[in-house]
Amino acid sequence: MDALTQRAKLVDRRPMNWLEKIYLWEIFKGMGITLKHFFKKKVTIQYPEEKRPFSPVFRGLQVLNRDEEGRERCTACGLCAVACPAEAITMEGAERLPGEEHLYREEKYAAKYEINMLRCIFCGLCEEACPKDAIYLSETFAPANYSRKSFIYGKDDLLIPDPATQPEEYAAAKGLLDKRKNHNPDLTKTNELK
Amino acid sequence: MTLLAFDWGFALEKLVLIAIVITVSLVVAMYATYAERKVAGFMQDRLGPNRAGPFGLLQPLADGLKLFFKEEIIPSNSNKFLFILGPCLAMLTAMMTSAVIPWGGKVELGGRMVDLQVADINIGILYIFGVVSLGVYGMMIGGWASNNKYSLMAALRGASQAISYELAMGLSLIALLMLTGSLSLRTITEQQIQGNWWNIVYQPLGFLLFFICALAECNRAPFDLPEAESELNMGYHQEYSSMKLGFFLFSEYINMFISCTIIATLFLGGYDMPFVDEAKLSGIAALIVGLVALFGKTFILIFIFMWIRWTLPRFRYDQLMNLGWKGLIPLALFNMVITGAIVLFTMKAH
Amino acid sequence: MGITQLLFWILTILTLGSALMVIFSKNPVHSILWLIVTFFSISGHYVLLNAQFLAIVNIIVYAGAIMVLFLFVVMLMNLNMPAAPLKKKWLKFAGVLSGGSLMLVLIAALKDTESMRREVLMQTGDIGLINSLGMVLFKDYILPFEISSVLFLSAMVGAVVIGKKT
């Protein structure tokens, strides 16, 4: 059978020769190795100042998307909740009233949309299930907190910033989403459905 | 010595010197903890502490503060007095050794000759051995007073280790003493300054043996069995918390500093700066050059201590005893015999 | 009273007090610790007599090595019994009697010896310094010295042999 990798090394079981038996020379060899590492480039990343770039397929906290005019895309169809294997998503639908067209994109919208981040396993199935391009996984993760309650994220926490009031934040978040879409072509296929 | 304390200027001078020596050893030990963590980090491709202050230089203070604010726990069935005495003894014996180290030559300061050695007694090396042999008590009393069988066992382990390696240490020094013919550290240093070579050239094997024994006496890796956390259920300071634990850990670093200074003095010429003729320099300049030389050598040795710690794995207890009794003691005896023969046949004029 | 006398009296009181505490303390570990204090104060006396070598050797050998072995044994035997069993009355009486008569004999024997009448030299004299001690050991007492060193060497070799067997 061939070895899976070429890195396997045979263990040398020959009896020790005199130089190895007095042990001192081997100590000096070992100390040479540690000294070599002493002058090597360090691998530490200084975390709060310096951050490692996330992988483009990283699955972090969910984001509820808006369209270009700042209207929420979610129609509370419940497909994400059905797809969710951890049953972390709950929502309540509501009918759009006249005069709310600038807030919601279609006639029905989610009045309440909650994800329990303690249940969520960040599998990304909600993202794949959504026919309306409304939910995406982002590149952040849930920060630590003191209470369980605070891990139930509502719409305030999940919605992407409004392009009308916070254009810069929206552009930043949007850019991340677009990058993600470009990397996962199967996510974009739902866009044609609208 | 204290008998001459009628001379108040002398007493004051010695008091100031003692205060300086103790402060310096404390500061050096403090920064040795920082250096230890930095060296460990660098050898493991990390950066080590770098958050408290610039380059993490305030880290020892932060560590000390943390230890001070930890809860003080004294086991309910322990002997309270001895429990507190243990770390104090460890600290005391660590400090006491510094009394006979010559930190520099004699200097004229304000009209009087100031000797940069707390006590130039003619049995300096024996004094060091005396204090080192007492270092066992801090460990044993602390371990016994904890009323915990694991602490007690670790204390016994540590004590028997210390006693075993003291023997080899003493034997390795006897060969050196045959060459110097004096037990005073001052005389040994001055001989090295006047002679062409440092003692390490005449006694390479003795130096190696003494160095290994110093590692064992300081409970430094690979001989740090008394405080092996994972495999031996920690050491004699298992029941200690707060600053009493800090004392035990800190005394280890003071011991390391002092023993590095002693190695530098005995084998590496003490305050003798290589390639510089001290006799041509003025008093203060010679003093500064000497201090720089001594501390430079000491710091290099401390670095080697740390380097060894972060390279070698710990000995098993039987390996440790084998090395001490069957390896180092016969080697030291051999070294002694060879040196004795050479001294007898070549240096008859002594 | 000079500082030497003062130190002498302090050390004497310390020696006798700690020696008594060796006998009177109930816990054997405490007895050993008091014994160590006794050795230290005796070493202090040696220093006062300008015998620094003897002082430090006393500390190295007795306080540093033998007492550690004592501590080993006592700690491992775990002698922390709640109370020692009461001795019989006549046993106590016999103990006092024999101890007292031993003291009497010792005092009677030492009372008229020559060394008691000699003046004690403080701070002077070099009999306890390492050079003169070495001269005496290697000139006048060379044979006993060598014999005892051979004895120690054989003890050490024996210990190694026993250690190798197991």
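**Figure 1. Helices α5 and α8 of chain B in left-handed crossing.** In this predicted model, α5(B) passes α8(B) in a left-handed crossing. Helix α5 of chain B spans residues 149-180 and helix α8 of chain B spans residues 204-217; the two pack at an angle of about 160°, and their axes are 9 Å apart. Since angles over 145 degrees count as roughly antiparallel, α5(B) is therefore roughly antiparallel to α8(B). On the α5(B) side, the residues that meet α8(B) are B:Gln161, B:Ala162, B:Tyr165, B:Glu166, B:Ala168, B:Met169, B:Ser172 and B:Leu173. Their partners in α8(B) are B:Gly206, B:Leu209, B:Phe210, B:Cys213, B:Ala214, B:Ala216 and B:Glu217. By class, this contact of α5(B) with α8(B) comprises 10 nonpolar, 3 polar and 2 charged residues.

**Figure 2. Packing of helices α3 and α9 of chain B.** Helix α3 (residues 80-96) of chain B packs with helix α9 (residues 242-267) of chain B at an angle of about 15°, the axes being 8 Å apart. The angle makes α3(B) roughly parallel to α9(B). The crossing in which α3(B) passes α9(B) is left-handed. From α3(B), the contact is made by B:Phe83, B:Ile84, B:Gly86, B:Pro87, B:Cys88, B:Ala90, B:Met91, B:Ala94 and B:Met95. From α9(B), B:Lys244, B:Phe247, B:Phe248, B:Phe250, B:Ser251, B:Ile254, B:Asn255 and B:Ile258 take part. The residues of this contact of α3(B) with α9(B) divide into 13 nonpolar, 3 polar and 1 charged.

**Figure 3. Helix α1 of chain B where it meets helix α9 of chain B.** The axis of helix α1 (residues 8-43) of chain B and that of α9(B) come within 9 Å and cross at roughly 105°. This angle makes α1(B) roughly perpendicular to α9(B). In α1(B), B:Ser25, B:Leu26, B:Val28, B:Ala29, B:Met30, B:Ala32, B:Thr33 and B:Glu36 meet residues of α9(B). Those residues of α9(B) are B:Phe250, B:Tyr253, B:Ile254, B:Met256 and B:Phe257. The contact of α1(B) with α9(B) has 10 nonpolar residues, 2 polar and 1 charged. B:Phe250 and B:Ile254 are among the residues that meet α1(B), and B:Phe250 and B:Ile254 also take part in the contact of α9(B) with α3(B).

**Figure 4. The interface of chain A and chain B.** Here 16 residues of chain A are in contact with 17 residues of chain B. The two chains bury about 1500 Å² between them, 68% of which is on carbon and sulfur atoms. On the chain A side, A:Met31, A:Phe38 and A:Lys42 lose the most area to chain B, together 37% of what that side buries. Between chain A and chain B there is 1 salt bridge. A:Glu49 forms a salt bridge with B:Arg51, with the closest N and O atoms 3.1 Å apart.

**Figure 5. The interface of chain B and chain C.** In this view, 28 residues of chain B are in contact with 29 residues of chain C. The area buried between chain B and chain C is about 2700 Å², and carbon and sulfur atoms give 82% of it. Across this interface of chain B and chain C, 0 salt bridges are found. Of the 2 pairs of chains in contact, chains B and C share the most contacts. Chain A and chain C are joined by no contact, and their closest C-alpha atoms lie 19 Å apart.

Conventions:
Residues numbered from 1 in each chain as written. Chains lettered and ligands numbered in written order. Predicted model: local features only at pLDDT ≥ 70, side-chain atom pairs only at ≥ 80, totals over all residues. Heavy atoms only, no water. Axes fitted to C-alpha atoms, helices over the stretch in contact; angles between N-to-C directions. Helix = DSSP H or I, 4+ residues; strand = E, 2+ residues; numbered from the N terminus. Parallel < 35°, antiparallel > 145°, perpendicular 65-115°, else oblique. Left-handed = near helix turned anticlockwise from the far one by under 90°. Contact = heavy atoms within 4.5 Å. Nonpolar A, V, L, I, M, F, W, Y, C, P; charged D, E, K, R; others polar. Buried area = accessible area lost by both parts, 1.4 Å probe. Salt bridge = Lys/Arg side-chain N within 4 Å of Asp/Glu carboxyl O.
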